[in-house]
Amino acid sequence: MTAHVVSPEEVEKTIAAFTRLDQKGDKKAMNKLAQRLQKEQPNLLQHAAAVRTEHGDAVGEAAVFYATLIWAMFDRGDDGTLPRITQQNLNDADQVVTSALARLPGLAELPPQERVAPELVGTQPHIYAKLAELLAEDVKEAAMTVETASTIIKPTEVVIEAFDAAVNGRRKGQQQGTVVSTDKTGRNEPCPCGSGKKFKKCHGVAA
């Protein structure tokens, strides 16, 4: 099975979409995006919100923004509906990231955007490259402090690892409802969305 890597084009399109929303100040669209994220990825939001609890609103908002951005990059690069990230996904991802960073020499002396292990970067190189670019730019333009960037870099890496593992099948998340076809699924077979219902009583109704 070929690993799914989010392309540079998908990364840039996501950034462009977020930039347009910000420049327009389109609160309706931003609220819609937030509602979708809350519905589809509640554990992701809780993971980012935990940073706010420990480090305050400014740092928490930055963590939520970057977590949302990473989700949107994977979402744009996926043909169906992204798996729902569970707390176990995040716990496992945190262990992977912690272990990888522990092998990185001189971690504390590195600029925040460079506190990533090569083995992690290799999973999603285009996302990591954009993350480093955005963090460096935010610090340079005083949009966030070095301390804030240093705090949110690891939780953001955990989000990347959790989604990468889920979409590539290393550690699967929860399947969410997707559009499925009667060409592949019998009406009396279990629905591929994972609901536990027969296809004809689930996504087969729409089909």
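Predicted model: local features only at pLDDT ≥ 70, side-chain atom pairs only at ≥ 80, totals over all residues.
Residues are numbered from 1 along each chain as its sequence is written, and side-chain values use heavy atoms, with hydrogens and water left out.

The overall picture comes first. The chain has nine helices and zero strands, where helices (H or I, at least four residues) and strands (E, at least two) are DSSP runs numbered from the N terminus. Of its 207 residues, 43% count as buried; buried means under 20% relative accessible area, exposed over 50%, and partly exposed in between, with a 1.4 Å probe and protein chains only. Contact means heavy atoms within 4.5 Å. Among the contacts in the chain with a separation of 6 or more, 64% join residues 24 or more positions apart.

Within α3, the residues N43, L44, L45, H47, A48 and V51 are buried. Their cover includes α2 (27-40), α4 (57-76), α5 (87-102) and α8 (146-167). After α3 comes G56, whose phi is positive, near 100 degrees.

Two packed helices are described by the angle between their axes and the distance between the axes. Here axes are lines fitted to C-alpha atoms, for helices over the stretch in contact, and angles run from 0 to 180 degrees between N-to-C directions. Angles under 35 degrees count as roughly parallel, over 145 as roughly antiparallel, 65 to 115 as roughly perpendicular and the rest as oblique.

The axes of α3 and α8 come within 11 Å and cross at roughly 170 degrees, which makes the two helices roughly antiparallel. On the α3 side, L44, H47, V51 and H55 meet T151, P155, V158, V159 and F163 of α8. This contact has six nonpolar, three polar and no charged residues; Ala, Val, Leu, Ile, Met, Phe, Trp, Tyr, Cys and Pro count as nonpolar, Asp, Glu, Lys and Arg as charged, and the others, Gly among them, as polar.

Helix α3 also packs against α4, at an angle of about 160 degrees and with the axes 7 Å apart; this pair is therefore roughly antiparallel. In this contact, L44, L45, A48, A49, V51, R52 and H55 of α3 meet D57, V59, G60, E61, A63, V64, A67 and W71 of α4. Sorted by class, the contact of α3 with α4 has ten nonpolar, two polar and three charged residues.

Another partner of α4 is α1 (residues 8-24), packed at an angle of about 130 degrees with the axes 9 Å apart. Helices α1 and α4 are therefore oblique to each other.

Finally, the loop between α7 (125-140) and α8 deserves a look. It holds A143, which is exposed, with a relative accessible area of 57%. The C-alpha atoms of A143 and A62 are separated by 9.7 Å, although these residues are 81 residues apart along the chain. A142 lies in this loop too and is exposed, with a relative accessible area of 65%. Most residues other than glycine have a negative phi. A142 is not a glycine, yet its phi is positive, about 60 degrees.
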